[in-house]
Amino acid sequence: MRCWLLALALLAAPVLADSDLPSARWANEQLPDPRQEAAAKALMEELRCLVCQGQSIADSDAELAGDMRALVRQRIAAGEKPEAVRAWLTERYGDWVSYRPPVEPLTWPLWIMPLLLLGAGALLLRKRFRRRG
Amino acid sequence: MSRYLRFVPLAVLLLFVVVVAWRLVMPEDTKVRSQMTGQPVPTFALAPATNGIPGLSSKDLATGQPRLVNVFASWCVPCIAEAPLLMELKRQGVPIDAVAVRDKPADVAEFLGRHGNPFERIGADDESRVQIALGSSGVPETFIVDGRGVIRYQHMGPIEPGDVPALLGEWEKAR
């Protein structure tokens with residue numbers, strides 16, 4: 001009996017995690033204009049899914065990600081710039097929603113670190129070659 | 001100097017253990033909060049989500065008294081868990097409206113028939129547009145909107161019995 005209940009629970013949970021409605025029109029359909037589609041695709045790859053945090057909305061199968069893809073395509077098709085769409089979402093979910101961190105005092109270390117590390121590497125190399133030579 | 005250097009690996013190990021223990025005891029909060037708290041509700045107008053209950057628009061939320069807006073769905077299991085607590089809030093005089101995310105009229109009616117209807121208005125959000133405009137990242141979520149239509153508070157996840165006093169307090173504060 002308990003085994004049966006467990007099996008039923010396992011079967012039942014995934015069914016209830018999603019809605020019954022089909023995905024939004026532009027969630028999985030490309031825009032007719034290839035330039036607009038390319039812009040939308042590029043933006044979708046840089047927006048984070050709110051459900052499967054860590055996946056982009058381009059990669060995620062979550063329904064909310066599908067609806068976000070539809071929103072991105074509709075806004076781009078309506079002539080909005082990708083950066084405006086990104087800003088609109090950032091206004092709602094914070095910088096977290098974008099995979100491209102803004103350049104501001106808080107994120108300066110993030111942007112400067114690769115340069116610093118490259119510089120340190122170059123210094124190390126120079127020391128090494130000098131000693132040999 | 002070199003006498004102490006040999007303790008470095010031990011120090012690194014200790015640091016590692018401390019960090020792991022800290023995150024085990026206090027797991028990171030992975031909720032993505034709405035940045036709309038303190039902002040006016042974005043303009044929207046949603047059709048009724050089911051027969052006999054009016055739809056919801058942003059105008060309905062600026063009525064001079066604070067209201068709760070519950071983002072829910074009939075297909076969402078935690079929404080069932082919080083249903084009795086929404087009924088309790090309604091009983092205590094809190095006006096509550098709802099946004100039904102990706103839902104069907106018949107399913108909404110069945111959900112309300114089974115778990116009670118604490119809502120005055122329910123808007124149908126078929127493509128999660130209003131949910132996204134509110135900065136909500138899942139169901140269920142509950143927003144408190146003051147009498148001028150400004151979002152004052154966001155509760156993420158199902159309302160649990162212990163959350164009721166806090167919600168009532170925030171609702172009073174928004175008056």
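In chain B, the buried residues of helix α3 pack against β3 (67-72), β4 (96-101), α4 (105-115) and α6 (164-173). This is a predicted model.

**Helix α3 of chain B**
- The helix spans residues 77-91 and has a kink of about 40° at B:Ala83, shortly before the proline B:Pro84.
- B:Ala83 is also one of the buried residues of α3(B), along with B:Cys79, B:Glu82, B:Leu86 and B:Leu89.
- Just after the helix, B:Gly93 adopts a positive phi of about 95°.

**Nonpolar core**
- The largest nonpolar core has 65 residues, and B:Val99 and B:Ala100 touch the most other members.
- Helix α3 of chain A (residues 63-77) gives the most to this core: seven residues.
- Leaving aside residues up to four places away in sequence, B:Val99 touches B:Leu46, B:Leu56, B:Val69, B:Val71, B:Gly123, B:Asp125, B:Val130 and B:Gln131.

**B:Gln131**
- B:Gln131 sits in helix α5 (residues 129-133) of chain B.
- B:Gln131 counts as buried because 22 other C-beta atoms lie within 10 Å.
- Not counting residues up to four places away in sequence, B:Gln131 touches B:Val71, B:Val99, B:Val101, B:Asp125 and B:Ser136.

**Contacts between chains**
- On the chain B side, 20 residues are in contact with 20 residues of chain A.
- The chain B residues on this side comprise six nonpolar, seven polar and seven charged.

Definitions and conventions: Residues numbered from 1 in each chain as written. Chains lettered and ligands numbered in written order. Predicted model: local features only at pLDDT ≥ 70, side-chain atom pairs only at ≥ 80, totals over all residues. Core = buried A, V, L, I, M, F, W, Y, C linked by C-beta atoms within 7 Å. Buried ≥ 20, exposed ≤ 12 C-beta atoms within 10 Å, placed from the backbone. Helix = DSSP H or I, 4+ residues; strand = E, 2+ residues; numbered from the N terminus. Contact = placed C-beta atoms within 7 Å. Nonpolar A, V, L, I, M, F, W, Y, C, P; charged D, E, K, R; others polar. Bend = angle between axes of the 7 residues up to and from the residue.
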